[in-house]
Amino acid sequence: MKKRIMRILWTSVALAVFMAGCGKEDTGANADEGTEAGEAVIEILPEEQSAQEQTLPQDQPTTQEQTSPQDQPTTQEQTSPQDQFVPGEQASEGVPQSREESVSGRLVVIDAGHQEKGNSEKEPIGPGAAETKAKVAGGTKGCVSGLYEYELTLAVSGKLCEELLSRGYEVMMVRTSHDVNISNAERAQIANDAAADVFIRIHANGSDNSSVSGVETLCQTAENPYNADLYDDSKALSVQVLDGVVNATGAVKRRVVETDTMSGINWCQVPVTIVEMGFMTNETEDALMAAEEYQQKLAAGMADGIDAYFAAKE
């Protein structure tokens, strides 16, 4: 209850500077996400993922060729089209944004995956864990577009912010620029502290096999040692968001992947899903993800999934 009261106070402050909503993003290169042709039903995979084409951990770059070094900034030429996207040019990271007509009272926290510079320092994979992982990796890169994953994820996150605001949700962006240093555990903690109703983590996929494509979502397993009590809600959210994106884009549905290897999931105390929008290592999907019209479809599909998730809980 205290967190909810604090959130309302934050929202009232944010209203004074955020009447215009999340605003438009100047991408320069339009971005879209697609999916691979695959099964029409959701496939639940065990935590172990042996095939190379299966989802790569969000904390790990795909290949050296595809990923910029974790601790090196990208070039100005590569980042200039989307170098500093701030929704509405007024949004503040960690401050809920809402509109006066918002009636849902539901807060969605959006995490645009990765950042301009990775951070190879280690943090525990979950609360009290002895196992550690890099705080945040650099992500992958478009094989055709040349976009870095952190650029693409922020572009789509901004559009999702706008879409959710238009539907009456409160929205908080974990980051609104590329020049940040926020670990995966810290991203989860932002959602926890805000008492988010759902936490949407936006990523793009990669594979050594350039023919692999498709959309998938990720959540924890029912035996997760850190937050197994959230499994049912996170799984339901992942199912609905996956269906929403596939229906909105016409992309191929891959599966809901259940895994306990993601620190950004393990630290969550709220329902969470990771959305892998498509493969930047696939020429067709990468080109789609570079188209603004397709980005908007992705955002609308995610919002449809969020709508369906809350509708099922009523």
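Biologist: Why is H114 called buried?

Modeller: The relative accessible area of H114 is 3%, and buried means under 20%, exposed over 50% and partly exposed in between (1.4 Å probe, protein chains only). So H114 lands in the buried class. Keep in mind that this is a predicted model: local features need pLDDT of at least 70, side-chain atom pairs count only at pLDDT 80 or more, and totals for chains, interfaces and linings use all residues. Residues are numbered from 1 along each chain as its sequence is written, and side-chain values use heavy atoms, with hydrogens and water left out.

Biologist: What makes the phi of H114 stand out?

Modeller: Most residues other than glycine have a negative phi. H114 is not a glycine, yet its phi is positive, about 70 degrees. H114 sits in the loop between β2 and β3 (119–124); helices (H or I, at least four residues) and strands (E, at least two) are DSSP runs, numbered from the N terminus.

Biologist: And A195, what is its phi, and is A195 buried or exposed?

Modeller: A195 has a positive phi near 55 degrees, and A195 is a residue other than glycine. Its place is the loop between α4 (184–193) and β6. With a relative accessible area of 15%, A195 counts as buried.

Biologist: Why are D111 and R201 called a salt bridge?

Modeller: The rule wants a side-chain nitrogen of Lys or Arg within 4 Å of a carboxyl oxygen of Asp or Glu. D111 and R201 come in at 3.0 Å, N to O, and that passes. The pair joins distant parts of the chain, D111 in strand β2 (residues 107–112) and R201 in strand β6 (residues 198–205), 90 residues apart. Both D111 and R201 are buried.

Biologist: How many salt bridges does that rule give?

Modeller: The count is 13.

Biologist: What is the distance between the closest N and O atoms of D307 and R167?

Modeller: 2.6 Å, and D307 and R167 form a salt bridge. D307 belongs to helix α8 (residues 292–313), R167 to the loop between α3 (149–166) and β5 (170–173), and the two are 140 residues apart. D307 has 28% relative accessibility, so it counts as partly exposed; R167 gets the partly exposed label at 27%. There's also a network of salt bridges linking E163, R167, D304 and D307.

Biologist: Why does the pair of K313 and D233 tie together separate parts?

Modeller: K313 and D233 form a salt bridge, with the closest N and O atoms 3.2 Å apart. K313 lies in helix α8 and D233 in helix α5 (residues 231–249), so the pair ties together parts that are 80 residues apart in sequence. K313, at 47% relative accessibility, is partly exposed, and D233 is partly exposed with a relative accessible area of 27%.

Biologist: Why is α3 said to be largely enclosed?

Modeller: Of the 18 residues of α3, 17 are buried, so the rest of the structure largely encloses this helix. From first C-alpha to last, α3 reaches 26 Å, close to the 26 Å expected at 1.5 Å a residue; the expected span is 1.5 Å times one less than the number of residues. α3 is followed by G168, with a positive phi near 95 degrees.

Biologist: How do you know that both faces of β5 are covered?

Modeller: E170 and M172 on one side and V171 and M173 on the other are all buried. In a regular strand the side chains alternate between the two faces of the sheet. β5 pairs with β2 in the parallel sense over 4 bridges, where pairing needs at least two bridges found by DSSP.
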